[in-house]
Amino acid sequence: MSNPWIAIGALGVVAVAIPLSMMAISSLLRPRVPEQGKTTTYESGEVPTGTPRIRFNIQYYMVALLFVIFDLETVLIFPWTVIYRDAVSTAGLTTVLVPMLVFIGVLVVGLAWAWRNGAVRWVRTPRRELTTKRES
Amino acid sequence: MTDPVSAALGLGGYQPLVPALLLGVTALLVLLVDTIWPNEQSNTLLATVTIAGSLASLLVAGAQLFLSPEAATLFDGQLIVDGMSLFFTVIFTSVTALVALASHDYIAERPNQGEYYALVVLAATGMTLLASANSLVTAFVSLELASLPSYALVAYLKDNRGSAEGSLKYLLIGGLSSAVFLYGISLVYAVTGTLKLTEIATVLDAGIDGSLTGVLGIGIVMILGGVAFKTASVPFHFWAPEAYEGAPAPIAGFLSSASKAAGFVLAFRVFLTAFPTSAVAGVDWVLAFEVLALITMTLGTFAAATQEEVKRMLAYSSIAHAGYALIALGALTGAADRLLVGAGMLHLLVYGFMNTGAFLFIALAEQWGIGRRFEDFNGLAKEAPVACTAMSLFLVSLAGLPFGGGFVSKYFLLLGTVLSSSYLLAAALIVNSALSVYIYARVIKAMWIEDPVPGRTIEEYPTGLYAAVVVAAVVTVLLLPGLALFTDPAQLASNALF
Amino acid sequence: MIAAKYYLLLSAAVFCIGLFGILTRRNALIFLMSIELMLNAANINLVAFSAQHGNLSGQVFSLFTMALAAAEVAVGIGIILVLYRNFDDVDVTTATTMRW
């Protein structure tokens, strides 16, 4: 019985060899016509201006933050859902359901607070406000 | 154990957790108040809710401590409510009430008051749970619940560069040490296969594979690192002066008293329950604590002596006091273990009042807009005699002179070191205390003897801050004879650990 | 089953990469990322030894630490924003108004 890791190693070797050989063979075969247009970022597209590092509006941060926090709370709910049916049949509905409702209730208090204090309100920039006013 | 009130509320088996639950509910109430009236200045209402919640929690914890201090385990042994956790809950809740009372004046003119009170109460909830943690999971989760609000609270003065800087250092070192702490937990889990403190002790008692002693040792040292951060002991103390100096003064008091006590309750619980010296013969953590205590108190005292600013001096003095409390673990030789741990708890109780009071006096000085240096306090006693009397009481009590409870608790610590023949620690305690008299005397001399700074007038005397300072001073003095009241619970609590 | 020591080596390597990042980088954001790496090194240990010992407490604990790590980052980025507003930089060495 040969070691099963040999097959995995062979797969790795093949996976590296195929792209390398493709690049090597095509560089041997293809004609070379150096031209300025080929070196641009978007060939036959827009000419990029400015740096790639632009500042994002800070309000994306608030939304992303709320998302991360509430998204990760599902991690804590997940094991509960796995055992839910078994637990209900052995311990009864209230013992299983009430703690999770309390947990979600605490989260809801937090979300309501964040909402009321304007964490998810999108404040428009003054210039934008000006144009909307002119349109109306 | 079940009284009619908790039975009516359906609390049943959760009755021992009432102090922590009260604090958690208070935090939610503060958020609700802020949700209903978000843009109004509801400072007084928020402060009232906070103080009422923490006092209610204090009352329940005190009643449980004196009436029925039997240990109760909850949630399959994840939490334990015993004498020690109730004792520390008393410390946390009283400091929280004092800080909230003082903050009412301190943050009256500032925005985001709802967040401020909610974070203070949430941190107190975390500390209370930490005192009851009986497994490494609950210990880590409640440690983070206590730490994360503290990082944000230090940065509360958003436009102040010192506040941002102190908070950044606190966050970075805190994050690093919680990662180290967690890795230590994972190594201990790797060796023992359990996360509950009592079960870890059982597994270690039965003996482990000799090749795993190294892994266990690294794990214990890493857990010790996490504890050293929370108590601001020396290799992990760099955040402390910066965070205390940059933070709003009431928060500095909160962190240096309550948060530090939380670190100690974690240390007592984890090291005495999970790693009793008899079970981990290969890993001598008592020696590590002895070295930590020696370096911490000496470096804290000497650094405090060279400071030019009063708040920073207090920050270093709080590091020195962490060193005194570390004696409780560093002098464990089997001769006077119970006395030592009890003495450490008593010291943290007295320290909770005298140190919070001293930082609240600094808050008062910041409100008046007088400077931070020693000279700026010159002749302050002529204008504010009550506050300066209180501050002088805090300082002599911190120094260990017999005018406040600090004398008795230091005496017990000294007695413990002598009985367990740790003469090096005893000598360090005496020398550093003697040196600290000189440090604190500088402030007292400036306030009472020097001529007043010309042109300084104090316009207002904020009631809440004054009340908090006076209450802290009265309790500090009353603890000189009154500490006898607490020696029995502390002794019982520490007996239960061995 | 893979021997336990390989898990220990892997997690130790990840932990050390995180520690190296903290010791050498000066950008506060990279600092936070390195702390994440160290927390996840501990998670590797917890999950691996949970399987090794045949109990679930380690796996469940790793779920808690993931949530806590997210909370820590949320607070951390807020503080870094305050730092940026005050110092116009996220370099941890520029904030030196206080000296010990």
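Predicted model: local features only at pLDDT ≥ 70, side-chain atom pairs only at ≥ 80, totals over all residues.
Reader: In which loop of chain B does B:Asn112 lie?
Author: Residues are numbered from 1 along each chain as its sequence is written, while chains are lettered from A and ligands numbered from 1 in the order in which they are written. Helices (DSSP runs of H or I, at least four residues) and strands (runs of E, at least two) are numbered from the N terminus. On that basis, the location of B:Asn112 is the loop between α4 and α5 (113–132) of chain B.

Reader: Why does B:Asn112 count as partly exposed?
Author: A residue is buried if 20 or more other C-beta atoms, placed from the backbone, lie within 10 Å of its own, exposed if 12 or fewer do, and partly exposed in between. B:Asn112, which also has a positive phi near 60° without being a glycine, is partly exposed because its C-beta neighbours inside 10 Å number 14.

Reader: B:Ala232 has a positive phi although it is not a glycine; is this residue buried or exposed?
Author: The phi of B:Ala232 is about 55°, and the residue is found in the loop between α9 (213–230) and α10 of chain B. Because 28 other C-beta atoms lie within 10 Å of B:Ala232, the residue is buried.

Reader: How far apart in space are B:Thr202 and B:Ala249, C-alpha to C-alpha?
Author: B:Thr202 belongs to helix α8 (residues 197–206) of chain B and is partly exposed, since 14 other C-beta atoms lie within 10 Å. In sequence, 47 residues separate B:Thr202 from B:Ala249; in space the C-alpha to C-alpha distance is 44 Å.

Reader: What distance does helix α4 of chain B reach from its first C-alpha to its last?
Author: The helix covers residues 83–106 of chain B, which is 24 residues, and 24 of its 24 residues are buried. The expected span of a helix is 1.5 Å times one less than its number of residues. For α4(B) the expected value is 34 Å, and the distance in the model is close to it, at 34 Å.

Reader: Which helix gives the most to the side of chain B that touches chain C?
Author: Contact is assigned when the C-beta atoms of two residues, placed from the backbone, lie within 7 Å, and 31 residues of chain B are in contact with 36 residues of chain C. At least two residues each come from α6 (136–154), α7 (161–192) and α10 (239–246) of chain B. The most, 17 residues, come from α7(B).

Reader: How many charged residues does the side of chain B that touches chain C have?
Author: Ala, Val, Leu, Ile, Met, Phe, Trp, Tyr, Cys and Pro count as nonpolar, Asp, Glu, Lys and Arg as charged, and the others, Gly among them, as polar. On this side of chain B there are 19 nonpolar and 6 polar residues, and the number of charged residues is 6.

Reader: How many residues of chain B are in contact with chain A?
Author: On the chain A side, 7 residues take part. By class, these are 4 nonpolar, 2 polar and 1 charged. The count for chain B is 6.

Reader: What radius of gyration does chain C have?
Author: Chain C comprises 3 helices and 0 strands, and its C-alpha atoms fill a box of roughly 50 × 25 × 20 Å along the principal axes. The radius of gyration is taken over C-alpha atoms, and the globule rule is 2.2 Å times the number of residues to the power 0.38. A compact globule of 100 residues would come near 13 Å, whereas chain C has 17 Å.

Reader: In which helix of chain B is confidence highest?
Author: Chain B averages a pLDDT of 84, with 97% of the residues scoring at least 70. Over residues 1–10 the pLDDT is below 50. Among the helices, the lowest mean, 46, belongs to α1 (residues 4–8), and the highest, 92, to α6(B).

Key. pLDDT = per-residue confidence, 0-100.
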